Each structure stands twice: as C-alpha cells, then as structure tokens.
Amino acid sequence: GLFVTDYFTRTPRKLSPFRSFASIELFHFHIPEDTVIAVWNLITFKEQGGTFGDQCPDRSITVYFRSGAPSVINPLHTHFPRDTAVPGSFALTLTWTLPNRTTGVFNVTSPLPGDWFLAAHLPKDEGKISVKGLYEECQYLFQPQLIVQRLVNIAVLYPGHVTEQSMAPHNRSCLYKVFVPSYTSRVLVEVLRCRGAEGCPLWLRVRAKAPPLHNSTTLDCREHAPCQLAQDLPFWQHWYYVLVEKHPGVPGTISFQVTVQLTDCSRPSLARPPFLPSSASMNMPHSFGSAGGLALGDSPPSSNPNDTKHPVPIPVTSHAGERCWPVRPTLRNELDTFSVHFYIFFGPNVSVPPDRPAVFVINLLPVLDSGGVLNLELRLNVSSLCGENVTVFGCLNHEVPLTSSDNTSVTCETESLAGFLLSVNATASLSRLRIPYPQTGSWYLSLRSLCATEHGFEPCTNVTAEVYLRAYLSPCINDCGIYGQCKLLRTNNYLYAACECKAGWNGWGCTDNAEAFSYGFQLLSTLLLCLSNVMFVPPVAIAVRSHYLLEAAVYIFTMFFSTFYHACDQPGIVVFCIMEYDVLQFCDFLGSLMSVWVTVIAMARLQPIVKQASVLYLLGAMLLSMALQMDRHGLWNLLGPSLFALGIMAVAWTARTIRRRHCYPPTWKRWAFYLCPGALIAAAAVLLYAFVETEENYFYIHSIWHLLIAGSVGFLLPPRAKPSRRLGPLPRRKGCGYQLCVNEQEELGLVDPAVASINSICTS
C-alpha cells in the first residue's frame, strides 16, 4: 500500500512536582484514521538561569498515554471516592542519559484513531517554600513530538458482496475495511475459494477502529473450513478492519475471495440488503476513503480480473443477542462548562418491563465533554415492586448496548466489550457510578429487571419496576468537597477540570484523609498565625511613648491586616474572611514592608528636616505599592525599597559621624543592648523565612517570623529625640516704630482681605 507520514509537535513546557492532577502538564494529539504506526519522541531538557542546567539533579519524569480522554492517574496511591470507575492508561518513566538532556521513544502499532492525551509530571517534592528570585531554580522542560504513518486507499468491503483478490509471492497480507452502522448485532467475515496452495494457508484477523494486531481476533483458515470469523455486538458507527495474512514460507500466488455479512438486529432473521437507497439509511460516510470508492446509492463498480464484487447469498442463522430493542434518546441541556444534564423524555422515572430491557443513549461531544466527570444515579421506587424480590440491573457500555437474550446473565462484559454494572433492589435502592474523564461518543445504558430465587436470578412474571434515572456531566466529583477546590484548566484549546486539595486531604475528589489535618490542628495553626501578631503591641507602645505616632499607626495597620489575612488564608475549615482575599493579602504585604521602611527611616533621625522625612515616608508608600502590584512574591521588587531605606540611614549616620568626629550612635549601650540584638533577631527572621519554611512547618515557622520581626522593631526603634539646645525663640522684627501684626482670621482664610480690620496694624 501507499504510506503517508505526518508530523506533529508541541511547545516545550515546564514540568512541576506532582501534587494533584492540577499540577500536571497535559498534551493533546489527534491521530488520523488508517494509521499503522505512531511514534512519540519525548524530549526532556534542563534549564537554569537561561542556560543548560548541567548542575541540576536528575529527576525522573513520568509520562502517561491514553486514547479518547486524559489519563486518570494516581501516582501517590491515594483512595478514590466511592462508586468511581478508574479507566486504565499506560505509564512510561524517562531516565536521564545526558547531563542536561534525554530522549525517549514510545511506539504504538495500529493505534486507535482520534484524540490521544499525554500527561507528564515530576515526582512529589518535600514542599519547600522558596522565595522567588533568591536563586536560579532548575527547570525541567518536556516536549513531545508525534510521527504517524498511515495507509491510503485501503480497499473497502461492501456487505453482501464478494471481493476477489490475488496475493503475489512478494506480498504477505491484504488489508480491507468495512463500515458497521448502528443496530448491527453481528459481523461475519468469510474467506472463500482459496486457491494456489494446499489447505488455504491464510490467517484471517478482524479488529475494530484500527488495523489488526497479532493479538486481535484471529482464525487459521487451514484448520477451519469454511473460514468464517464472526464478531458479535460490534461497535456501531465505526470501521472494522479485515487482514488476510499469508503463512510464512508459502510460495506462489494465492487467490481467494472475501465477503462480509452484517446482521441487522432490528430484523434478526434478515441480513442487510446489498444496496440501500441513500447513505442516511445506513448512517455511513459519503466518502469511503479509497480510490474509486462506492458511494451509497451508486451502482457497483465494473468487474475486473483482480477485484470483482457481486452479490452472494449467505444464510443467516439466529444467534443469541441478535435482537435489539428501541434506544430512547436523551435531551442534552448545557448549563455551564462541564455542567450538562441529560434529560429523558417522559422521565426521569423509567419503567422497566419484565420481558425486555429499557435502553437509553447518552451522547458525549468529542473533546468538549472528556475533561469532566460522567455521573449516573439509579434510585429504585420500592413501592412499585408489589412485594416481589426484584433487582434492576443496569449495564453502561461505550458505543454499543449490551442486551443479551440470556435473562439470567448479570454481566456487562464480553470478550471484546467492557462495561459498568449497576444494581438496585429493595435493600439497596440507590446506586451511583462516576467515570472521570470519560471517552466521548455514545454511552448506552441497558436496564432490565430480574427476580431473585433459590436457583439464582430468573425473569420476573408480572412486575414492572420503576427507577429514577439521573445522568449528568460535572467538572469534578462532588465539587471536590469542603477540603478541595475544583479548578478549570486549559492546555491550548482543550479544557479539563481537576481538584486541588488542601489541609492534608488527597485523592481524586479530596476524600482521602490519611494525611488530613484534624480540626484541632487547624484551629491551633490558625490561632498561632493570628495571635503571633499580638507581638506588635510592645512596638506600638514604644512608638507612642517616643512620640513616633506615624510609625505606631503603621504597626497597628500591619498587626490588623496580618491577623485577618492569616485567618482567611487557612487551607481547612477554620477560616474567617472580613474582606476579599486579594485585598487582605495586599494590605498584609504592604504593612509588613512599610513597617520595615518607617523603622529604618526613623533610625536615620531625619526629624530636624521635617519636610524631607515626610517626603520619604510618602515615597516609600508609593514605591512599595508599585512593587507589590507588579509581583508580590518577587524578591528584588520587595528587597529594593528596603535596601534603599538602609542606604538613606547609612548616609545619615555617616554624615553625623563625620560632623561630630565620633561614631554614631555615640553610646556603646545603644549598640550592645539595642542595635546588635535587633539586627540579629531580624537576620534570624529573614533566614527562617527564606531557607527553613516549608508547607508542613509553615504554621509555626511563620508564627516565629511574626514574633521575631515584631521583636526586632522594638529593639531597633530609636528613643525619643531630645530638643536641640541651640534653637531658641526667634527675636521679633520691628519696623520703624511700628510692629506689623497679622490678623489670625485673615491668615486662616476666614475673612475677605479687602475688608480686613484696621486693627491689623498695631502701634508699637
């Protein structure tokens, strides 16, 4: 055949340590139909400070692959919520082969067409809280690339027609495909008139959606005569691929015929007619994808020596499960992103008769609905059972309903079909099922009622059970509970939702309490972070006593907003917010930095130059507000104004030292008992904040930070300035025997200057 190669790539992204699914990097690819091989080239490299991170440690990178929807991963081995179905995925761990770069390759032979998702993350770290900009962090970048090779012009088989084929000696196999429409209960593939070798040395393989593999459904035509391969309950609205493969070591040319027969489950005794009047009757694409393909409604192509098609009568025998029942549609009501309700006509109460199942279909839109959670709820109306021991079973299957004629069977799986089982009875009248990140397409729910007896389940005689059915799509499971937050995430044009847990809770729905904080622990951490701000009361008293009223106001502002910010910032349920979180955070950060600013300016002793000091206070407030608005967690945006204030203090102290020819401050007691202890306490607080604080010890390390910063302010704040003895009352200036007096009311702007009193001029 003719192969076409396609290339796809994605932009490199920075990987993060795994905490929840919200911390992974998700990549979305689309694999076209008729793809025979897909190769993912996984490129990973390190960066540090804009250069290659040769000194960065090697950290393993885990990559997950899944077709149809994102992978539901659980690297921390946490517990999933009850009634949650966990779909499988394939995981791959990358190891480093070079100091700053590694490459991995992942091959998939005959991959399923459609959407494929890759999820990548780093291992969980110790949760250290690092100051942004303090040092260059190691970044691990991941870039996946996809190379696909697909076949073109695959021969199409038409139901009820024979295709003749000759396989030359240098050919190993022949590949065909046939489209299976809805309401098809059986696909029968048969190889006829095998000539050219003894015993028909051919293998017949059949697979849905993609070309067959070595482990696909296989039949050896040498051992079976006639060579017929049947597929019961095939997937609806999909291509089925047929591979006829020659045994190795067989010389010469082998000629054979291939035919396909589809059984219509709405008419189990009849095969589908060879030709239908329009493609809508068969829900079949107008284009088959092969050169000279036959569009429905056209006449069959002219015969040729190598490939002829003509009708052939094939007897159809009755098989179990060939009969299908009407499928009731559901009404889709979109409320919001990943918030969709599926309503049943004449529902939500559903009657399940004893003699046949009730089948419903739920259609999930491609790409749009795979990033949420599919929820299904069954509630049995016990009063409708009339005292009978009735159990209603529900089978949820993807792309084909499972309706077996064996009424005593309670399974929802076959050799080629997997499903989810739900059951309700008089004892357990409620059943739920949650499927995170469901595959898109049609989901079929089949409900049937069976009566429990001593010999197992048997069909009920005259009882129609009534079931309340609820199906809906939600962003997260139970909105992540009270200890989690449901986040809507985006990767390129793909949206998905995930829970971000807090207060030590884990799991897909934040329901795993193995490491959860107790209520007492949450209360203790909140009280420590809030009450540690009371340490600002002594600095406020010292500032008021020393007539530093502006500094005292700043300390009170800091104490107030730091207390209520930490009361609102708690991860658990012990939370109290008096304002919006963003406002409280801004005021807390501004108050902390303004406390440092005004303390250092006060230490500079700029009080004699009153106007310059006021300008510096106002300038500091404006600069700090600007820095916080730019980046509240940036190191130099916050450290710059503090260093500027220290520079002003150093200049002022140096000027006094030079003018007085003596070290300033002049007394050793001031250095020994105030400045040195205050500087040491402040340095210890900065070291704890920058290098020791982690997520686990945050509540007490940050409380110690509050205590140390407030204590250092009490030591560093200078004493009350003594009035200078050189400054006395200014002598009054007198004119020529007269003293010019100023009318106080006129000076204050209380009277009109034009009508000022003559008493403004006083006689000396």
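1. In this predicted model, helix H7 contains several buried residues: Arg 670, Leu 675, Gly 678, Ala 685 and Ala 690. The helix covers residues 668-692, which is 25 residues.

2. Pro 665 lies between helix H6 (635-660) and H7. The peptide bond that joins Tyr 664 to Pro 665 is cis, with omega at about -5 degrees. A further cis bond runs from Ala 225 to Pro 226, with omega near 0 degrees. Pro 226 is likewise placed in a loop, between strand S16 (217-220) and strand S17 (227-232). For context, most peptide bonds are trans.

3. Two residues call for attention on account of their backbone angles. Most residues other than glycine have a negative phi. Lys 209, although not a glycine, has a positive phi of about 75 degrees. Lys 209 sits in the loop between S15 and S16, and with 19% relative accessibility this residue counts as buried. Phe 338 is not a glycine either, and its phi is positive at about 55 degrees. Phe 338 belongs to the loop between strand S21 (330-336) and strand S22 (339-344). Its relative accessibility is 5%, so Phe 338 counts as buried.

4. The next points concern charged pairs. Side chains of opposite charge can pair when their charged atoms come close. Over the whole structure, a search finds 16 salt bridges. One of them joins the side chains of Asp 6 and Arg 150, with an N to O distance of 2.9 Å. Asp 6 is in strand S1 (residues 2-9) and Arg 150 in strand S10 (residues 138-152), so this pair ties together parts that are 144 residues apart in sequence. Asp 6 is buried, with a relative accessible area of 19%, whereas Arg 150 is partly exposed at 23%. The cut-off for a buried residue is under 20%.

5. Asp 58 and Lys 46 form another salt bridge, in which the closest N and O atoms are 2.3 Å apart. Asp 58 lies in the loop between strand S5 (51-52) and strand S6 (61-67), while Lys 46 lies in strand S4 (residues 35-48), so the pair ties together parts that are 12 residues apart in sequence. Is Asp 58 buried or exposed? Asp 58 has 52% relative accessibility and therefore counts as exposed. Lys 46, by contrast, is buried, with a relative accessible area of 0%.

6. A salt bridge also links Glu 245 and Arg 205, whose closest N and O atoms are 3.0 Å apart. Glu 245 is part of strand S18 (residues 238-246) and Arg 205 part of strand S15 (residues 202-208), so parts that are 40 residues apart in sequence are tied together by the pair. Glu 245 counts as buried at 17% relative accessibility, and Arg 205 counts as buried at 11%. Elsewhere, salt bridges that share partners join Glu 377, Arg 379, Arg 432 and Arg 470 into one network.

7. The surface carries a nonpolar patch. Its members are Ile 482, Tyr 519, Leu 523, Leu 527, Leu 531, Val 534, Val 537 and Ile 573, which together have about 740 Å² of accessible area. Which helix gives the most to the nonpolar patch? Helix H1 (residues 519-531) does, with 4 residues. Leu 527 is placed in this helix, and with 42% relative accessibility Leu 527 counts as partly exposed.

8. Pro 459 illustrates a contact between separate stretches of the chain. This proline is found in strand S30 (residues 456-459) and counts as partly exposed at 38% relative accessibility. Pro 459 and Pro 354 are 105 residues apart along the chain, and their C-alpha atoms are separated by 6.6 Å.

9. Finally, one annotation may be set beside the model. In an unreviewed entry, UniProt lists residues 499-510 as "domain: EGF-like". In the predicted model, the end C-alpha atoms of residues 499-510 lie 7 Å apart. The span is 0% helix and 25% strand.

Key: Residues are numbered from 1 along each chain as its sequence is written. This is a predicted model: local features need pLDDT of at least 70, side-chain atom pairs count only at pLDDT 80 or more; totals for chains, interfaces and linings use all residues. Side-chain values use heavy atoms; hydrogens and water are left out. UniProt positions are given in the numbering used here, feature names are shortened, and annotations may be inferred rather than shown by experiment. Helices (H or I, at least four residues) and strands (E, at least two) are DSSP runs, numbered from the N terminus. Patches are made of residues with over 30% relative accessible area and no salt bridge: like charges are joined within 9 Å, nonpolar side chains (Val, Leu, Ile, Met, Phe, Trp, Tyr) within 5 Å. Accessible areas come from the Shrake-Rupley method with a 1.4 Å probe; for residues, only the protein chains shown count as cover. A salt bridge is a side-chain nitrogen of Lys or Arg within 4 Å of a carboxyl oxygen of Asp or Glu. Buried means under 20% relative accessible area, exposed over 50%, partly exposed in between (1.4 Å probe, protein chains only). The expected span of a helix is 1.5 Å times one less than its number of residues.
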